[in-house]
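Good morning. Please look at the sequence and the model first.

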Amino acid sequence: MSDAVLTLLKLGLLLALYVFFAWVLWSAVNQLRRSPAVAAAPTAAASRFGSTTTAVRGQVTILEPPQLAGAVMTIGDELTIGRAAACTLTLDDTYVSQQHANIVWRDRQFFAEDMGSTNGTYVNRERLVSPVVLRPGDRLQIGSTVLEFS
């Protein structure tokens, strides 16, 4: 190969390396801009997962911790809760697993289910061992976060 071709290949590799580092930096900045406790607003989460056409069937209101109290998340077909950024409701809590719990619409009812979390999911202070039907007023506890279903 000629020296000109090798120089072009080196420059192309260098450019690809700079693009990769810029992408990593951009991703890190976007992660830091998110709120530390609840990563996405309900509408942003719904549009991010393509569920904007899903009818709203229920909602959960955060009761505890006090700094999040009053925040409301709407539920269409599913609400995933955990520490992972891919969850619909992202909680910054060391007692919450990456994918901790789900609330799903199935057979015309909402079900709460634990996703194999280490610290468990509680509905009305009882630990979930299998999916349970949610009724308005039921309280879910996931780590130090308490949610009221309505």
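**Notes on one chain**

Let me begin with asparagine 124, which is partly exposed, with a relative accessible area of 38%. Buried means under 20% relative accessible area, exposed means over 50%, and partly exposed is in between, with a 1.4 Å probe and protein chains only. Asparagine 124 sits in the loop between strand E7 (121–123) and strand E8 (126–127). Its phi is near 50°, a positive value in a residue other than glycine.

Before I go on, some words on the source. This is a predicted model, in which local features need pLDDT of at least 70 and side-chain atom pairs count only at pLDDT 80 or more, while totals for chains, interfaces and linings use all residues. Residues are numbered from 1 along each chain as its sequence is written, and side-chain values use heavy atoms, with hydrogens and water left out.

Now the other backbone cases. Arginine 108 also has a positive phi, about 60°, and is not a glycine. Where is arginine 108? It lies in the loop between strand E5 (101–106) and strand E6 (109–114). At 74% relative accessibility, arginine 108 is exposed. The peptide bond from glutamate 64 to proline 65 is cis, with omega near 5°. Proline 65 belongs to the loop between E1 and E2. Why mention these at all? Because most residues other than glycine have a negative phi, and most peptide bonds are trans.

Next, the overall layout. The chain has two helices and 11 strands. Both terms refer to DSSP runs numbered from the N terminus: H or I of at least four residues for helices, E of at least two for strands. Read along the sequence, the pattern is α-α-β-β-β-β-β-β-β-β-β-β-β. Of the 150 residues, 33% are buried.

How are the strands arranged? Six of them form an open sheet in the order E2-E1-E11-E10-E7-E8, with antiparallel pairing. E2 and E8 stand at the edges with a single partner strand each, so one side of each has no neighbour in the sheet. Two strands count as paired if DSSP finds at least two bridges between them.

Take the E2 end. Strand E1 (residues 58–64) and E2 run antiparallel and are joined by four bridges. Which residue of E2 is the bridge partner of glycine 58? That is isoleucine 75.

Valine 123 has leucine 140 as its bridge partner in E10.

Last, the charged pairs. How many salt bridges does a search of the whole structure find? There are two. A salt bridge here is a side-chain nitrogen of Lys or Arg within 4 Å of a carboxyl oxygen of Asp or Glu. Glutamate 113 pairs with arginine 106, the closest N and O atoms being 3.9 Å apart. Glutamate 113 is buried, at 15% relative accessible area, while arginine 106 is partly exposed, at 34%. Glutamate 148 pairs with arginine 139, with the closest N and O atoms 3.7 Å apart. Here glutamate 148 is partly exposed at 26%, and arginine 139 is partly exposed at 43%.
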